[in-house]
Amino acid sequence: MEFLHKFACFDCRVAFKRRVIEESHTGTAWQADSKLVHTCPNCGRRMAFLGRNFRAPRQSHKNKWQSVMLLWEAGFRYCGSGYHEDPALPESKAETIEFIKNNINHIQKIAGGKCWEKYT
Ligand SMILES: [Zn+2]
């Protein structure tokens, strides 16, 4: 069985399933980042790793995509089994700014901070 994760381009607001390592049958739902680099098929930019459970908003939902980008920059990933006590990741930009401030020890905050503008 292939173990695929979701990658997204925040400029184009698109997401794709890709491998994180060459041996695609191994992996963990708690993966924090990808060993393989994948580029956006649309613009060629390096895509952000979001985790197994990411569900992409519609391309027209800019506010939701901004929320996803802020969470990614803060180190949150759509990882794990979904069964934990911590609050679900928010979907609007306004909620997300508060959420990041109030959830510094959230179980899904598993990666270091990044900046999309400088991410290559
Ligand atoms: Zn793109």
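Predicted model: local features only at pLDDT ≥ 70, side-chain atom pairs only at ≥ 80, totals over all residues.
How well covered is E1? Five of its five residues are buried, and this holds for both faces, with His5, Phe7 and Cys9 on one side and Lys6 and Ala8 on the other.

Turning to the largest nonpolar core, which has 20 residues, those that touch the most other members are Phe7, Ala8, Ala48, Leu50, Leu71 and Trp72. Strand E1, strand E3 and helix H1, which spans 62–74, each supply at least two residues of this core, and the largest share, five residues, comes from H1. If we look at alanine 8 and leave aside its neighbours within four places in sequence, its contacts include Val14 and Ala15, Met47, Ala48 and Leu50, and also Val68.

Finally, the hairpin of E1 and E2, where four residues lie between the strands. Arginine 13 sits in that loop, and its phi is near 55°, a positive value in a residue other than glycine. Most residues other than glycine have a negative phi. Is arginine 13 buried or exposed? Arginine 13 counts as buried because 20 other C-beta atoms lie within 10 Å, and the cut-off for that label is 20 or more.

Key
Residues numbered from 1 in each chain as written. Core = buried A, V, L, I, M, F, W, Y, C linked by C-beta atoms within 7 Å. Buried ≥ 20, exposed ≤ 12 C-beta atoms within 10 Å, placed from the backbone. Contact = placed C-beta atoms within 7 Å. Pairing = 2+ DSSP bridges.
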